[in-house]
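Me: I have a model open and want to learn to read it feature by feature. Can we start with a loop residue and its backbone?

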Amino acid sequence: MKTRCPHEIVVTCDSSSENYSAATWDPRTGTLLTTYKNAGALGQHSLQMLHDSYLIASSATKPFLHLWPLNSQTNSRLVVPGKVTALACTPNGAYIAAALSEKIYIWQSCSGQLLNSFARHYQAIGCLLFNKDGSCLASGAEDGLIFAWSLSQVANEKEAKPLSWFSHHSLPVKDLHFGQIGCFGRLYSVSLDRSARIYDVYTGQLLLSLVFDVPLESVCTDIMENELFVGSSTGTVMKCSLREACRGAEQHVALRDNDKIALYKAHEGKITALSVSVDCITLLTGSTDATVCLWDIASCQLILKLPQRGPVVTAFFGTAYDSFASSDFRPSLVVRPLQKVSEPGKSDALLEVCRRDQGDSWILDLDWQSGKHRSASAAETSSTEEELKAARGEIARLKQVNSEMYQYVVRNLLGEAP
């Protein structure tokens, strides 16, 4: 009898890569569900779900991205121009962003096309994050700067201009988190300068600064953004209520004798991962002490401890797609080999999202240019060109109709005979 999967799973990876590189767990029982192998050590905060099709992560030491179908332990490699220091993907899996030191690269998954590469940071980028609808990308670096970028702007214009930028942190930015309130969502950041800051990306304003007495390593909120969780370098996780009115833009938070701050204490190393379940009941914490803990948020009680084989690199709650347990699942997302340099003259269809047909037999077509699927690719290209030509013809017709209507209205307003 097939076991029913929970609505959420826990995805983890540690720096040891002993026996496997990444794993999924049942948050109700602590049972190890799936392991993903043959990748070695993975980069910090790099392991992510590429929509409902893949797990993707960067190598900690080599210029590779590793890609696993959700139901398979076998991975494929995507070569990138250098060692990745931060990685992010849009929620629908259509775009991949990677930081190579202080430079950001943007690729379209379905074509592998390098849409843009740009640099505004002065030191290595350690945090990359897309907001919930994939329209905005945030980057944080060791220089203490945070930039917010419009995906449509950086994908279609060679000169990348940030939507907004923030220079309030005085030490390296360690983690970023996007909320869902407002245009683009609120952006949360933490730094080794002991501060947690909340920004409005759309207006470029600093909304609130919380200054603690310990360096901070990670941050997250619940889905309603009622509670803010920050993880420290000492192993303590702190919960602050965002529902209470603040008296100023900067608040100093003392951990001792503060009944407004809830503490979660079980780790002995710095907190490298924080995540809240979708029902806002359970908090996940990962640490360099090689443990992932699950907590009851309301009571601050430890529920489960998931032992790891080394310092935790990434851990989060993910959607338990059926594809995790399917034996005949075929990923619906097309992923091509990633270009190392951008090709001129290919900017007409950069934002076209390609979803593969479920009838296709291949999983990850890494040899699409070798001729194996060239005929299919040519047919798809021809069909796309015909659709584009028809669309442009329709646009021209509508422009003509609009011009005629405008001239008719002007003649009547001026009292001329039609």
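Me: Is Cys280 buried, partly exposed or exposed?

Reply: This is a predicted model. Take the relative accessible area: under 20% is buried and over 50% is exposed. Cys280 has 25%, so it is partly exposed. Its place is the loop between S25 and strand S26 (282-287).

Me: What should I look for in the backbone of Cys280?

Reply: Start with the general idea. Most residues other than glycine have a negative phi. Now the case here. Phi of Cys280 is near 60°, a positive value.

Me: Where does Ser101 lie, and what is its phi?

Reply: Ser101 sits in the loop between strand S9 (95-100) and strand S10 (103-108). Phi of Ser101 is near 60°, again positive in a residue other than glycine. Its relative accessibility is 31%, so Ser101 counts as partly exposed.

Me: On to pockets. How large is the largest one?

Reply: The general idea is a probe. Rolling a probe the size of a water molecule over the atoms shows where empty space is left. Here the largest pocket has a volume of about 1,400 Å³. It is lined by 46 residues. Closest to its centre are Leu129, Lys132, Ser275, Phe316 and Phe317.

Me: Which strand gives the most to that lining?

Reply: S29 does, with six residues. Several strands supply at least two lining residues each, among them strand S4 (48-50), strand S8 (86-89), strand S12 (125-130) and strand S20 (216-221). Strand S25 (271-276) and strand S29 (312-319) are also on that list, as is S16.

Me: How does the lining divide by residue type?

Reply: There are 24 nonpolar residues, 17 polar and five charged.

Me: Lys132 was one of the residues closest to the pocket centre. Where is Lys132 found?

Reply: Look in the loop between S12 and strand S13 (136-141). Lys132 has a relative accessible area of 45%, so it is partly exposed.

Me: Which residues is Lys132 in contact with, beyond its neighbours in sequence?

Reply: Leave aside those within four places in sequence. Lys132 then contacts Pro91, His177, Phe178, Gly179 and Gln180. Asn92 is 40 residues away from Lys132 along the chain, yet their C-alpha atoms are separated by 9.7 Å.

Me: How do S17 and S18 run?

Reply: Strand S17 (residues 186-191) and strand S18 (residues 195-200) run antiparallel, joined by five bridges. Arg186 has Asp200 as its bridge partner in S18.

Definitions and conventions. Residues numbered from 1 in each chain as written. Predicted model: local features only at pLDDT ≥ 70, side-chain atom pairs only at ≥ 80, totals over all residues. Heavy atoms only, no water. Pairing = 2+ DSSP bridges. Helix = DSSP H or I, 4+ residues; strand = E, 2+ residues; numbered from the N terminus. 1 Å grid on protein atoms, 1.4 Å probe; cavity = no way out; pocket = protein on both sides within 12 Å on 5 of 7 lines; lining within 4 Å. Points joined across faces, edges and corners; volume = space filled by probe spheres on them. Nonpolar A, V, L, I, M, F, W, Y, C, P; charged D, E, K, R; others polar. Buried < 20%, exposed > 50% of the residue type's maximum accessible area, 1.4 Å probe, protein only. Contact = heavy atoms within 4.5 Å.
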